[in-house]
Amino acid sequence: MLSSKAIGCMLPAGIIGFGVMFITQFMQGDQGGTAGTVVWAASSNDWQTIMPMRMLTVILMLIFTVGFTSWSKSISESSSVIAIGSHFTLLAVFLMWAAFVSQHAGFDVASDSTEPTEAAHALVKFSNMGFWFGGVAFAVSFFLVGIKAFTEKAGTPALNGILAVLGIVAAVGSFVNWFLWVGGFGLGLLIMAIIGIQKLRA
């Protein structure tokens, strides 16, 4: 079991990674879907600057996941809800790493070809789905762990309750509107960063 201070240091990594990812999206711009993204990668070397930053993002999300699962277990080691929520975070970070590797491979294949290839298109498409499902898995974990932490009155119940609400908003919203998913997920990471800071100050 990690110490409270160690968990506190790890939890803010999530929102930092989220911010880095947003910066890379801004740098890449709107390419008009998967096909446009493949054309962009084939015609520009900008992706070679963006991908190391995205690697930093998934590394930070891995650090966050270690902190989140440790925080979850500190609430209750015997709870099935906590166990399921913790495993959803492991699934999420695995999907994000797979998505990153797929995206890097897709951009590399596209840049090596004079014309966009079906392989590059498939790799980038898989990457988009991986990042999306990873975000949904994180959102489900926020809901499950948040609601259990709220009922157990662990830490600050209000923050735990907000985390649960943001988790369900992001999970359900991902099938309705992209902004609901991104907003719920991002704010959930912000709540976890606040919880981490509280642990550092305790």
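A polar contact is defined here as a pair of N or O atoms within 3.5 Å; within protein, one must be able to donate a hydrogen and the other to accept it, and residues adjacent in sequence count only if both atoms are side-chain atoms. By this criterion, the side chains of glutamine 28 and arginine 54 are joined by a polar contact of 2.8 Å. The structure is a predicted model, in which local features need pLDDT of at least 70, side-chain atom pairs count only at pLDDT 80 or more, and totals for chains, interfaces and linings use all residues. Residues are numbered from 1 along each chain as its sequence is written, and side-chain values use heavy atoms, with hydrogens and water left out.

The secondary structure comprises 8 helices and 0 strands, where helices (H or I, at least four residues) and strands (E, at least two) are DSSP runs numbered from the N terminus. The radius of gyration, taken over C-alpha atoms, is 18 Å, close to the 17 Å that the globule rule (2.2 Å times the number of residues to the power 0.38) gives for 202 residues, so the protein is as compact as a globular protein of that length. The C-alpha trace spans about 60 × 30 × 25 Å along its principal axes. Of the 202 residues, 47% count as buried, buried meaning under 20% relative accessible area, exposed over 50% and partly exposed in between (1.4 Å probe, protein chains only).

Glutamine 28 lies in helix 2 and, at 8% relative accessibility, counts as buried. Beyond residues up to four places away in sequence, glutamine 28 touches Thr37, Trp40, Ile50, Arg54 and Phe107, contact meaning heavy atoms within 4.5 Å.

Phenylalanine 185 touches Phe18, Met61, Met96, Gly135, Phe138, Phe142 and Ala170, not counting residues up to four places away in sequence.

Ala170 belongs to the buried residues of helix 7, which also include Leu159, Asn160 and Gly173. The cover over the buried residues of helix 7 includes helix 4 (47-75), helix 6 (118-151) and helix 8 (178-201).
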